Amino acid sequence: RGIFQSLRIDHVDGLYNPKQYLERLRGLVGDDTYIIVEKILEPNEYLPADWPCQGTSGYDFLSLVNRLLINDRTADSLSEFYQQMHVMAYDFTEAVYRKKLFMLIHHMGGELDNLTRQLVELFPEYTPSDEMRVAYRQVMAYWLVSFPVYRLYLDETSLSEENAKALAQVFAEARTKAPESLGETFDQLRPLLAPEPAEATSKQMRFLMRTQQFTGPLMAKGVEDTAFYVYNRLISRNEVGDTPHVEENMNVNRFHAEMRKRQPHTMNTTATHDTKRGEDARLRINVLSELPDEWREKVLQWQDTAHRYRAEEAGKTMPDPNDEYFIYQTLIGTYPLHAEPENEAYVPRLKDYLTKVMKEAKVHTSWSKPDEVYEGKVTGFVENLLADGDFLASFLPFAEKVARYGALYSLVQVLIRLTAPGIPDTYQGTEFWDLSMVDPDNRRPVDYKTRQNVLENVLPRYQDAEKLAATLTDVLNPALKMHVLHQLLLLRRQQPKVFLHGDYRPLVTAGRRARQVAGYVRHYESRKVLVLFPLEVSALCSPESLPVGEAVWEDTYIGWEEENATYTNIFTGEQLQLTARQPVAALLGRFPVGCFVNAEFGVGKAE
């Protein structure tokens with residue numbers, strides 16, 4: 001009846017046969033209905049090309065942008081500091097393995113029993129003694145936790161070479177991790193759990209497909225809901241769709257390559273109801289990767305100040321060093337630096353959040369076995385710390401410095417989300433700074449009245465370049481983020497085909513600051529949109545200034561394909577004549593990010 005134009009399929013990995021489901025759904029709703037799936041893709045994993053949908057709900061995009069806005073050259077420094085604090089004896093991969101195994105054995109054992117029972121019932125040749133049944137269950141456990149992705153997409157009729165290879169790798173990893181005493185049982189189950197393509201029967205494939213409905217929830221429970229609260233090297237990387245692996249950071253060339261692979265109608269998101277922290281809180285924490293020495297110095301100061309609030313009981317420090325390090329990063333990401341009504345509730349919100357974090361980590365307390373003493377000592381620690389004058393005297397100046405750099409990255413993130421290949425998704429409330437914590441904190445009522453007032457009474461003033469420049473003296477003003485979002489939405493509404501069907505062409509940069517600026521062009525027919533943004537902003541300017549003008553960009557330029565072509569900056573209204581060696585100082589002369597449209601758009605600025 002035309003009531004719904006689009007469908008979002010949540011938890012698609014929980015289906016027995018996602019492809020078949022989507023094919024049936026597409027047959028029912030027709031080709032004109034927009035269908036996306038909630039699917040978390042690991043690094044270097046892509047949505048199956050034969051699924052009849054437009055793409056994912058956007059967690060893969062979140063990961064790409066987040067990794068781009070982290071300085072990977074300081075990765076070793078952050079890792080060394082984390083290890084020196086004696087808070088983690090193993091890396092993230094090991095943390096994931098341990099937590100998945102813990103969740104499977106202690107919280108998801110019923111499903112493991114079901115799979116083991118199905119194995120025995122389906123394959124009489126494997127009918128075991130009671131002792132062997134226990135061994136089968138153990139082998140299944142080690143095998144299930146060894147999947148590096150949420151699941152494989154198998155077919156009842158045959159086994160592809162690619163999936164056979166993946167199953168063989170999982171099987172080999174599981175056998176390596178398992179006790180040697182299970183070696184004989186692994187050998188016995190190899191034809192079932194890691195079959196050769198020519199040997200896989202339909203019955204085997206159906207069983208394997210059933211197991212894949214379970215590997216996804218196991219990954220979610222073990223990683224998103226547990227390991228993400230235990231491995232705290234840089235918690236902005238502990239995000240749905242992202243991964244804290246140090247080696248998976250993103251350089252500009254790789255980012256461009258990934259953008260060019262994206263489906264034109266897949267979603268671009270940076271915040272959802274399930275993200276672990278607000279999109280702008282995440283960027284503040286990212287800034288620490290640019291300031292590793294100062295961050296280390298501050299943490300050591302804060303630890304010294306905080307000793308009076310730590311508790312010792314039965315040989316246990318409360319909070320332990322890992323939780324304390326998580327707390328400091330959380331404060332950097334979420335501490336309110338603007339006077340807003342909701343800020344009065346910050347400490348209670350923070351205490352509720354940390355209580356959930358501790359339970360999710362399942363180290364000192366949990367949902368099933370709460371330790372209220374530990375929880376109370378940690379939340380009391382935070383409350384006392386935020387009332388300590390010495391701590392605030394050290395914390396607040398650094399937090400504001402980080403927040404100012406983080407605000408610049410927030411503008412970059414909005415710019416990319418609205419102009420890169422894909423459909424931008426704006427989570428309600430993120431029109432202003434989104435410094436929320438995990439649910440339910442990120443599901444609080446949105447103050448639409450204030451946002452409406454800014455939209456109607458404040459943003460019109462920004463059409464005047466001088467008034468906009470005056471506003472930039474306070475880069476923490478959330479209206480700046482809304483201004484960028486508003487202008488880009490207007491542009492997309494005016495020229496949708498440029499963004500839906502336009503080419504994506506990386507910009508070539510040169511000069512002294514070449515590695516600290518990046519961008520691309522969206523090109524459709526005669527219309528072009530030039531997108532430009534800074535990177536490593538702490539190396540470009542002080543926190544009190546902006547990465548704009550010749551003093552910052554010096555001789556840096558972009559290689560351009562036109563000479564004396566007229567382009568308009570949609571954020572400032574300025575018109576520029578671009579040259580073949582276009583100075584960045586002119587493009588980013590007054591505003592820290594740029595979106596320029598050529599004369600073929602027919603307007604001086606978005607209206």
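**A strand covered on both faces**

Guide: Happy to! Both faces of strand β11 are covered, with R527, V529, V531 and F533 buried on one side and K528, L530, L532 and P534 buried on the other. Please keep in mind that this is a predicted model. The strand spans residues 527-534, and because eight of its eight residues are buried, with buried meaning under 20% relative accessible area, β11 is largely enclosed by the rest of the structure.

Now for the strands that pair with β11. Strand β10, residues 517-524, runs antiparallel to β11 and is joined to it by eight bridges. Within that pairing, Y520 has V531 of β11 as its bridge partner. The hairpin formed by β10 and β11 has two residues between the strands, and there E525 takes a positive phi near 55°. Strand β16, residues 594-598, also pairs with β11 in the antiparallel sense, over four bridges. Here V531 turns up again, standing opposite C595 in β16.

E290, in the loop between α11 (279-287) and α12 (292-306), touches E536, V537 and S538, among others. The side chains of E290 and S538 are joined by a polar contact of 2.6 Å. E290 is buried but has no salt bridge, and the nearest side chain of opposite charge, R73, is 8.2 Å away. Beyond the residues already named, the contacts of E290 include N71 and Y409.

Technical notes: Residues numbered from 1 in each chain as written. Predicted model: local features only at pLDDT ≥ 70, side-chain atom pairs only at ≥ 80, totals over all residues. Heavy atoms only, no water. Buried < 20%, exposed > 50% of the residue type's maximum accessible area, 1.4 Å probe, protein only. Lys, Arg positive; Asp, Glu negative; His and termini not counted. Salt bridge = Lys/Arg side-chain N within 4 Å of Asp/Glu carboxyl O. Polar contact = N/O pair within 3.5 Å; in protein donor to acceptor, adjacent residues only side chain to side chain. Contact = heavy atoms within 4.5 Å. Pairing = 2+ DSSP bridges. Lists of a residue's contacts leave out its neighbours within four places in sequence.
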